[in-house]
Structures are given as C-alpha cells and as structure tokens.
Amino acid sequence: MAERVKITQKELKKPDKFREAVTDAIVLASENYKKILAAFGAVILILIAAFIAITLVERRELSANSEFTEAIKIYTGANSDQSYQEALNKFLDISKKYQRSNISKVALYYAAEINYNMGKYDESIKLLNNLIKSGSKNKIIIDLAYLRLGMASFNKGDWHQAIDYLSKLDKEGNPYRGEAELYIAQSLEKMGKSGDAERMYRQILNGSDNELKFQIQKKLESIRNNTNSPIE
C-alpha cells in the first residue's frame with residue numbers, strides 16, 4: 001500500500017513560486033505597458049513600411065520591363081529614321097526614369113546602338129561611356145559596349161582610341177575577341193603598322209573557331225601586295 005505524503009500546515013502556507021512569477025510578470029507588464037505597446041507598434045510600422053517599399057520596387061520593375069518591351073518592339077520593327085528616333089527616345093527615357101533598375105543599363109546600350117547605326121558616333125560613344133561608368137555588373141552588356149566603342153572610334157578614324165577600347169576584349173574566352181582583334185588589326189593597318197597588322201591577322205586566322213577566314217585572307221593578300229612580302 002502506497003505511503004501517504006503528509007503536508008504540514010507550515011508547508012501549505014509557503015509561497016507558490018509559479019504564482020509569484022506570474023504575479024511579478026503581470027505587475028511588470030502593467031507598469032511598462034506603454035513601452036511595450038510602443039515597441040510593438042514600432043515593429044508593426046517597420047514591417048508595413050518594408051512591405052510597401054518592396055511592393056513599390058516590384059511595381060517599378062514591372063513598369064520598367066513593360067516600357068522596355070514596348071521600345072524593343074518599336075526598334076525591331078523600325079523601317080524609317082522617324083521610327084528609329086522614336087525607339088531611341090523611349091530607350092533614353094527608360095535609362096533616366098529607372099536609373100536604379102538593371103534594365104536602364106540595357107536601355108542605355110540600345111540607345112547607343114541606334115545612334116551608332118544612324119552614324120552618330122560621338123553621341124554613341126558618349127552614351128556607352130556613361131554605361132560603363134554606371135557600374136553595371138552585366139558583363140555581356142559591358143563587353144558589347146567596349147566592342148561598339150571600338151567600332152565607333154574606328155569609323156571616326158581614331159585608330160589609337162579604337163585599339164584601346166578593343167584591347168579590353170582581347171582575352172581568352174571572350175565571345176567578342178575575334179571581332180575585336182579584326183578591328184585592332186585593321187586599325188594597325190590604317191596606322192601604317194603593316195607588320196603588326198599582319199601578325200594580328202595571322203593570330204585570328206589560326207584561331208580554332210574562325211568565321212572570318214576569307215575576309216582575313218583577303219586582308220593578308222592586300223598587305224602582301226602593298227609590301228611585296230611573301231605570305232606563307
């Protein structure tokens with residue numbers, strides 16, 4: 001038979017620890033309820049502000065993408081100077097209106113591209129330099145910018161500047177290396193540096209993936225005819 005536990009009157013009168021803790025908590029809360037409510041309210045306000053900020057950013061990105069898509073449609077379907085100018089204006093507007101968005105950098109490139117195609121090389125160079133200075137992390141866009149900068153400088157007859165821009169792409173694995181080297185070689189040839197140009201042409205010709213073989217062979221033949229030096 002289980003032994004009964006005897007509880008004395010003295011023990012019954014001892015304070016209950018749990019009840020004491022609850023009482024203390026209630027008293028503390030009642031004394032500091034204003035501070036607690038203020039802190040709770042501040043947290044709620046921060047969460048609401050964060051939600052609103054995220055929502056605004058998302059809406060802004062959607063708006064930027066929508067306007068960019070519209071500009072692309074105008075650009076790809078353009079068949080006159082007027083329609084190209086319309087696309088150009090839209091790209092420029094996007095680049096200014098959504099400066100914090102990544103799409104603004106792409107829009108800036110397209111604006112430079114249109115200027116280049118219209119023969120406005122100075123304006124194209126200005127926009128492309130602004131794009132590079134913007135700190136864009138999009139390597140493809142930056143590489144395209146350097147390629148177009150080199151081509152625009154080449155078309156202006158600024159051979160030294162063209163080589164400076166294009167040399168940034170003359171690296172192993174760069175998808176625009178071959179095209180950049182071709183313009184570098186042509187710049188060297190224009191500068192009267194036939195030997196350097198010939199070495200560059202041969203370097204491109206010996207590349208494993210060369211789509212410019214015929215064009216380069218014609219360039220080498222031209223150098224040979226001008227210098228009367230044999231081509232191996």
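**Exercise 1. Compare the span of helix α7 with its expected span, and describe its cover and its ends.**

The model is predicted, with pLDDT of at least 70 needed for local features and 80 or more for side-chain atom pairs, while totals for chains, interfaces and linings use all residues. Residues are numbered from 1 along each chain as its sequence is written, and side-chain values use heavy atoms, without hydrogens and water.

Next, the cover: 14 of the 18 residues of α7 are buried (under 20% relative accessible area, 1.4 Å probe, protein chains only). At the start of α7, a side-chain oxygen of Asn 138 comes to within 3.2 Å of the backbone nitrogen of Ile 140. Gly 157 follows α7, with a positive phi near 85°.

**Exercise 2. Determine how helices α8 and α9 pack.**

The axes of α8 (residues 159-166) and α9 (residues 177-190) lie 9 Å apart, at an angle of about 155°. α8 is therefore roughly antiparallel to α9 (an angle over 145 degrees).

**Exercise 3. State whether Ser 124 is buried or exposed, and what surrounds it.**

Ser 124 belongs to helix α6 (residues 121-133). Its relative accessible area is 0%, so Ser 124 is buried. Beyond neighbours within four places in sequence, Ser 124 contacts Ala 112, Asn 115, Tyr 116 and Arg 148.

Definitions and conventions. Helices (H or I, at least four residues) and strands (E, at least two) are DSSP runs, numbered from the N terminus. The expected span of a helix is 1.5 Å times one less than its number of residues. Buried means under 20% relative accessible area, exposed over 50%, partly exposed in between (1.4 Å probe, protein chains only). A polar contact is a pair of N or O atoms within 3.5 Å; within protein, one must be able to donate a hydrogen and the other to accept it, and residues adjacent in sequence count only if both atoms are side-chain atoms. Axes are lines fitted to C-alpha atoms, for helices over the stretch in contact, and angles run from 0 to 180 degrees between N-to-C directions. Angles under 35 degrees count as roughly parallel, over 145 as roughly antiparallel, 65 to 115 as roughly perpendicular and the rest as oblique. Contact means heavy atoms within 4.5 Å.
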